[in-house]
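Have the model open beside you and follow along.

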Amino acid sequence: MRLITFTHDRRTRIGAVEDGEVCDVGAAAALPADMIALLAAGPDGLAAVRRAIERAPRLALADVRLHAPVPVPPTYLGIGLNYADHVAESGMAKPDFPAFFNKQAVCVTGPYDPIHLPRVSRALDYEGELAFVIGRRARHVPAERAHAVIAGYLVANDVSVRDWQFKAMTMTLGKSFDTHGPLGPWLTTADEIGDPHGLELRTWVNGELRQHSNTRQLIFSCFEQVAVLSTVFTLRPGDVITTGTPGGVGAARQPPCFLRAGDVVRVEVEGLGHIENHVIPEPATEREESAT
């Protein structure tokens with residue numbers, strides 16, 4: 001299934017995409033109101049969605065607004081230096097242990113929503129990535145069983161503000177600006193993907209191909225990442241984990257080629273669809289607007 005969070009007629013709810021149409025499953029069955037609650041309901045919740053698809057009203061994709069499938073994940077984690085070519089272009093050593101960092105959940109935005117160019121930096125960069133979403137509470141899960149706790153996969157852009165990324169010992173500040181976590185376009189359930197370690201990944205900026213790799217090149221697999229993280233803390237339904245970016249980021253180009261207002265970034269992962277985001281100047285906040 002392809003599960004979505006969408007708005008239509010000013011009401012936001014969960015749905016599914018089938019044959020290029022939105023299935024308004026909540027209109028056909030009593031279902032949880034949001035994606036996290038649906039995932040927490042486990043196999044019974046997903047089975048209820050599958051049954052509802054058969055009789056749900058259909059909407060045109062063009063008539064709805066797609067949000068990130070999990071608009072506010074309980075935890076959002078990224079991993080650095082997880083493709084060999086990205087390690088090489090960074091000039092750093094290949095890690096012996098996965099280098100995780102937090103992205104604050106407020107950075108999450110929709111698959112086709114704009115990305116803000118921060119007022120405080122011009123070192124805005126793209127990182128096309130495969131991401132996955134946890135489907136049930138999990139602790140001390142070995143890698144060989146990790147597939148069972150992953151609800152599904154989606155496309156991500158780990159947008160990064162490079163100068164802020166290195167202002168502190170952790171990378172969180174440079175990874176967490178508002179709108180710097182586009183996710184989507186939908187959550188493709190794990191049963192449709194099988195092994196996620198063989199998917200083509202591409203990133204374009206203004207139509208120019210900047211990144212092209214395959215998830216078989218991951219240094220630490222999705223399942224190894226689950227094993228490490230669940231050793232330390234409990235993973236929860238709705239947690240989002242991005243799996244690293246391949247070579248070709250703007251900071252590594254000679255000269256560096258950072259994003260500017262007006263640019264369009266498209267990230268595509270085989271079998272999962274694509275996200276596409278326009279870069280715009282950071283707008284005034286509501287507080288600033290009310291003070292003027």
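## Strand 6 and its partners

Strand 6 (residues 76-80) pairs with strand 17 (residues 240-242) in the parallel sense, over 2 bridges. Two strands count as paired if DSSP finds at least two bridges between them. Helices (H or I, at least four residues) and strands (E, at least two) are DSSP runs, numbered from the N terminus. Across from tyrosine 76 you'll find valine 240 of strand 17. Strand 6 also pairs with strand 7 (residues 99-102), this time in the antiparallel sense over 4 bridges, and there leucine 77 has asparagine 102 as its bridge partner.

How much of strand 6 is covered? Of its 5 residues, 5 are buried, where buried means under 20% relative accessible area, exposed over 50%, and partly exposed in between (1.4 Å probe, protein chains only). In a regular strand, side chains alternate between the two faces of the sheet. Here Tyr76, Gly78 and Gly80 point one way, while Leu77 and Ile79 point the other way, and all are buried.

## About the model

This is a predicted model, in which local features need pLDDT of at least 70 and side-chain atom pairs count only at pLDDT 80 or more, while totals for chains, interfaces and linings use all residues. Residues are numbered from 1 along each chain as its sequence is written, and side-chain values use heavy atoms, with hydrogens and water left out.

Elsewhere, 5 strands make an open sheet with mixed pairing, in the order 9-19-18-15-16. Strand 9 (115-117) and strand 16 (208-214) are at the edges with a single partner strand each, so one side of each has no neighbour in the sheet. On average, neighbouring strands of this sheet are turned by 20° against each other, direction ignored; the axes are lines fitted to C-alpha atoms, for helices over the stretch in contact, and angles run from 0 to 180 degrees between N-to-C directions.

## Helix 2, inside and out

Which residues of helix 2 are buried? They are Gly42, Gly45, Leu46, Ala48, Val49, Ala52 and Ile53. Viewed down the axis of helix 2, the buried residues fall within an arc of 155° (taken from the directions from the helix axis to the C-beta atoms), so they line one face. The face turned away from that buried side carries the exposed residues Pro43 and Asp44.

Alanine 41 is partly exposed, at 36% relative accessible area.

## Rings and charges

There are 2 aromatic pairs in the structure. In one of them, the ring centres of tryptophan 164 and phenylalanine 177 are 5.8 Å apart with planes at 85°, so this pair is edge-to-face. For rings of Phe, Tyr and Trp (its six-membered ring), a pair needs centres within 6.5 Å; planes under 30 degrees apart count as stacked, over 60 as edge-to-face and the rest as tilted. Tryptophan 164 is partly exposed at 25%, whereas phenylalanine 177 is buried at 17%.

Tryptophan 164 has a charge over its ring too: the charged end of lysine 167 sits 5.0 Å from the ring centre. That label requires NZ of Lys or CZ of Arg within 6 Å of the ring centre and within 35 degrees of the ring normal. Arginine 266 lies over the face of tryptophan 204, 5.9 Å from the ring centre.
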